[in-house]
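Welcome to this guided tour, and please have your viewer ready. We will go from stop to stop, and at each one you will hear what to select and what is there.

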Amino acid sequence: KIPQKTQMTSFSFRIYGGKVLTRALAVISSGKRERELTCNVKASSDCVSFTTNHDDKSLQAVVMLGAEGFVEYLPPTSPIGFGVNLSHILDILALYGASIPSLSIQLRYPGADNSLTLILNEAGKVSQCELRTKPSSVPWSLPFDQYPVQCKISLRSETLKELVCDFEGLAIVATVSVIPFSSLELFGEGSSGECKVSIPSRSDAVFAFECAAGMSSRFLM
């Protein structure tokens, strides 16, 4: 036998039920499950963040999980990061039933050969998966803090999801506009037609609506 090189665990966290983790990672995947999408994982003393950068630089998505949401958390002595295939993590969570409330999910790094270890335990049945990692890619420089925030809108995620799904089959380009003290408007146009939806600021789907100045942006669906 060739002796394997042992490594100290830099960080690990454990949660019960993977619904929150699965939904969070699915959001930053943005439906790009058909190809490899690298997720940059960064662990610090108080949180673990997952970041994806799309190749065409059209989208950068970040989700952060606070340490207070973990059943157990072993933070690193200093911030540490690595890259891993996001689709593989989502496939493992789906395969082993991340929606089961009693399922214990532990992520640990590094494993053998600097791999990311996923340990899933459900009623004593333990499955362990090792995923290859690579050095973290350099994040894009997006200086959001240099620009004043003109609008802050909080609305039900289900409502926004339904609207995006409806627009996706019809529109190629979508325009999102905010009318001060009035509404949030979505306008879509494509080869098969046009559609427009207006969400009033006083709608039950809107939790908060703050807008100092009108704005309008166009996005590819």
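**Before we start**

Keep in mind that you are looking at a predicted model.

**Stop 1: a sheet of five strands**

Select β5, β1, β7, β8 and β9, in that order. Together these five strands form an open sheet, and the pairing is antiparallel. Which strands stand at the edges? They are β5 (72-74) and β9 (125-131); each has a single partner strand, so one side of each is left without a neighbour in the sheet. From one strand to the next, the twist averages 15°.

**Stop 2**

Move on to the loop between β7 and β8 (116-122), where you will find P110. Look at the peptide bond that leads from Y109 to P110: this bond is cis, with omega near -5°.

N114 is in this loop between β7 and β8 too. Although N114 is not a glycine, its phi is positive, at about 60°. Its relative accessibility is 37%, so N114 counts as partly exposed.

**Stop 3**

Select helix α1, residues 19-29, and colour its buried residues: L21, A24, L25, I28 and S29. Turn the view until you look down the axis of α1. The buried residues fall within an arc of 140°, so they line one face of the helix. On the other side of α1, look for V20, R23 and V27, which are exposed.

Zoom in on S29, which belongs to helix α1. Is S29 buried or exposed? With 3% relative accessibility, S29 counts as buried. Leaving aside residues up to four places away in sequence, S29 touches L37, H54, L86 and L90.

**Stop 2: the nonpolar cores**

Next, select F11, F13, L25, V48, F50, L116 and L118. They are the residues with the most contacts inside the largest nonpolar core, which has 35 residues. The largest share of this core, five residues, comes from α2.

Stay with F50 for a moment and display its surroundings. Not counting residues up to four places away in sequence, the residues that F50 touches include F13, L21, L25, I28, C39 and V41. Others that F50 touches include A61, V62, V63 and L65.

There is also a second, separate core of 13 residues; among them are C151, L155, A171 and V206.

**Stop 3: a sheet of four strands**

Now select β14, β13, β12 and β16. These four strands form an open sheet in that order, with antiparallel pairing. At the edges are β14 (193-200) and β16 (215-220), and each of them pairs on one side only. Here the twist averages 15° from one strand to the next.

Show β12 and β16 on their own: they pair in the antiparallel sense over six bridges. Click on V176 and look across to β16, where S217 stands opposite.

**Stop 4: the loop between β12 and β13**

Go to F181, in the loop between β12 (173-179) and β13 (183-190). F181 has a positive phi of about 60°, even though it is not a glycine. Is F181 buried or exposed? Its relative accessible area is 73%, so F181 is exposed.

**Last stop: the cysteines**

How many disulfides does the structure hold? The count is zero. Select C211, which is in no disulfide: its nearest cysteine sulfur, that of C151, is 3.0 Å away. To count as a disulfide, the two sulfur atoms have to be within 2.5 Å. C211 has a relative accessible area of 8%, so it is buried. Finish with C39: its relative accessibility is 0%, so C39 counts as buried.

Technical notes:
Residues numbered from 1 in each chain as written. Predicted model: local features only at pLDDT ≥ 70, side-chain atom pairs only at ≥ 80, totals over all residues. Heavy atoms only, no water. Buried < 20%, exposed > 50% of the residue type's maximum accessible area, 1.4 Å probe, protein only. Pairing = 2+ DSSP bridges. Helix = DSSP H or I, 4+ residues; strand = E, 2+ residues; numbered from the N terminus. Axes fitted to C-alpha atoms, helices over the stretch in contact; angles between N-to-C directions. Arc of directions from axis to C-beta. Contact = heavy atoms within 4.5 Å. Core = buried A, V, L, I, M, F, W, Y, C linked by side-chain atoms within 4.5 Å.
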